[in-house]
Amino acid sequence: MQGDRNPNINQKFSEQAFYHRNPNGNVLDVTKPPFNAKGDGITDDTAALNAAMRFVREHYEVTKKDGKIYCSQRMNRNWIIYLPDGKYLVSDTICQGWPASAINILKGWSQVEYLTVDSPAHEAELCGKERPVLHGNLLLLAANDNHDCYIRGQYNPSNVYAEINWSIRLIGQSRQKTIIRLKDSSPGFAETTGKPVVSFYMLQRGSNINLGNFFENITIDIGRGNSNSIGLQWNSSNWGGIRNTAIRSASNEGRCGLLMECNNATGYFRDLSISGFDIGIKLSAGRESIVTLEFATLTGQRDTAIVVGNARSGGGGDSLSARQLVITNVPRALSVERAGQVVLLESKIALSGILHSAVEIGHDGFLLARDIDISGDSATVRKEGKVTLKTNHITEYFSARPIGKSPASLRLPIEESPMILPDSNFENWACVEAFGALGDGRTDDTAAIQRAMNSGKPVVVFTSANYVINGTVDIPASVREITFILAVIQRSKTGLFDGPGLFRVAEAASEPLLIHRAITAGGVFLDHTASRPVVLEDIFVLFNHVRDMVARDGMLFVSAVPQNTEIWRLYRNTTPEGPRKRLFVNNCIGFAGDNKNGSLAVENAMIWGRMMNTEHLPGALYAFKRSDAWILGLKSENADTLLSAKDHSKVEVLGGSFLNFASKQGPVVVSENSQLNAMFYLWHWAIAPATIGVIDENGKKAIYPLDVFSPCDTVDGGVIFIQ
């Protein structure tokens, strides 16, 4: 029970990666022109930081050609706003500012219209006051107006469908020395409405296209006399994260440390420290929100450390999958409210003061707690006002009845994802440009990238925006880290069905290999051939349903072409007959997808997954054969089958969100001669598949229909909990 590890990260980037030195670089240094922040703790840097935020928004390249419009930017530029060590004094919210950018889809997804929103009042005028009909199912009240709780949302006739607030990445050099500090008694921060120091969104309408927002290696200090301030107001769809971050109120003021109340909030958080405030973390974004949180310390909250649920954003809810939390000096540790789902593992709670319980579970709230130590006078769990558990140690507690044969969770062994810190010694770096790569999105850089891999350097760095690989790059044992700095990796020639991957683990080693911060499309990203532990982190394999957008002129990539394969995927074990591969997957899109024939499942691997997302595939979204897979949080949508475990696999899913917006046949979960334990929210219960689970053991099938599970009363969804 470790809590925040406070890792000593010193994040640096080579000069070639900076936009002020290389027009094809992705990194924006806020201390350089045209921003010129000082970071001296004296100068007000509000305008400089906001200028960097606006630069990102103004340099999105959205796809606007007639008949080809899609809710995405072109993938030839993915910015990082970099804050070198310094104290950045601010007096107003750091954000992208007004006017905000938005889209509407009243003419359909092929004719998305872009608009600007001048102010909150303008947003309210554009959105109107009509109450929504999400599915129009008169037999299920929760499928219509969310029991009068619909304030924010997207699916009623409106000129604003979603805010365009994607690819916002604020990354500091180090948490200890990169500090954003709010001036004492700054205007507006003592108001009762609450005002954020840093905000990732402007509109209350929310967004489900705001992919890949990150906040890392930074401390936020709310100063003094800012009694209703919010430290960080964050959202992101499908992937994103908050890492190595401290949010503090030295004067014990503040409304909320980390607020996520606007859809969507999806990502992998780790190593957080939040001290003070009324509430430490509040997750009430709704829709398809799912956060995985590990290694966090929350202390000194006056009301509640963590609040999950009670979203006011239409259909959907909030899922939090957390472990290794230390919560101290709080009157209440956790409140799970309407449409909130929490998995809490291996954590410690030390209460102070008097409230009704350590954990409160409201109506339509769900909790799985395991291996929790609780100290204090109120060491109880209450559900809908009634004490359901009073103990100083929770071995295992379910607030909802599991369906299936086993009364206990699977408890697969949990291994920590290897912590491979950034190497700040440039002598250890091999920048692919130094070996002849152009990174222009058109030239085939395969040979140059291979030369960088063969250099003997432990870190291989991609410092431009867009690379073409038409062959396969072998990764030798000498390479410890490959960082793409959010560069795009693509093919400009059509490959064969299920052909070679872009990269291959070619040499065995005991030292783990970290591959991270990449965006890719077409075929397989990584072939795992030689035996070596691999960490895949923050990699976005473009969604399968945008395949036809990739190769059109003026669309997502400069020179990509369709690949002759049914699905795009992150990973493949190319030697499944050998020893089991060891794999850690953190905050990645496109892992473990399958085709209609079931021939592309991940085979003979041991997997530890933290916040994974796979969508829109012809087969199972997560498919395993002869594998063990432990998954802490997933987000997926639009498929008949979510999970497939076959050939003596063991699969444990601890929290997540599965959404279908059109009728599907199911089964949602398939297990054949395997062990499977899954807990996740199934949204849009009104159109859910009739068959949820098919469990086959040596030819004896158990079929679990939808009606054996319990839907929520107040939202259009319910918890699927199969043991």
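This is a predicted model: local features need pLDDT of at least 70, side-chain atom pairs count only at pLDDT 80 or more; totals for chains, interfaces and linings use all residues.
Local features require pLDDT of at least 70 and side-chain atom pairs count only at pLDDT 80 or more, while totals for chains, interfaces and linings use all residues. Residues are numbered from 1 along each chain as its sequence is written, and side-chain values use heavy atoms, without hydrogens and water.

Seven cavities of 30 Å³ or more were found in the structure. A cavity is a set of points, on a 1 Å grid over the protein atoms alone, where a 1.4 Å probe fits but cannot get out; lining residues have an atom within 4 Å of a point. Grid points are joined across faces, edges and corners, and a volume is the space filled by probe spheres set on the points.

The largest cavity holds about 410 Å³ of space. Its lining comprises 29 residues. Ile9, Arg270, Ile420, Leu421 and Glu537 lie nearest the centre. At least two lining residues come from each of strand 11 (211-221), strand 13 (237-248), strand 15 (266-275), strand 17 (287-299), strand 34 (513-520) and strand 36 (534-541). Strands are DSSP runs (E, at least two residues), numbered from the N terminus. By class, this lining has 11 nonpolar, six polar and 12 charged residues. Nonpolar means Ala, Val, Leu, Ile, Met, Phe, Trp, Tyr, Cys and Pro; charged means Asp, Glu, Lys and Arg; the others, Gly among them, are polar.

The second largest cavity has a volume of about 100 Å³. It is lined by 13 residues, with Gln11, Lys12, Trp429, Glu481 and Thr483 closest to its centre. Strand 29 (459-461), strand 32 (481-490) and strand 34 each give two or more lining residues. Strand 32 provides the largest share, three residues. Six residues of this lining are nonpolar, three polar and four charged.

Definitions and conventions
On a 1 Å grid over the protein atoms alone, a cavity is a set of points where a 1.4 Å probe fits but cannot get out, and a pocket is an open set with protein on both sides within 12 Å along at least five of seven lines; lining residues have an atom within 4 Å of a point. Helices (H or I, at least four residues) and strands (E, at least two) are DSSP runs, numbered from the N terminus.
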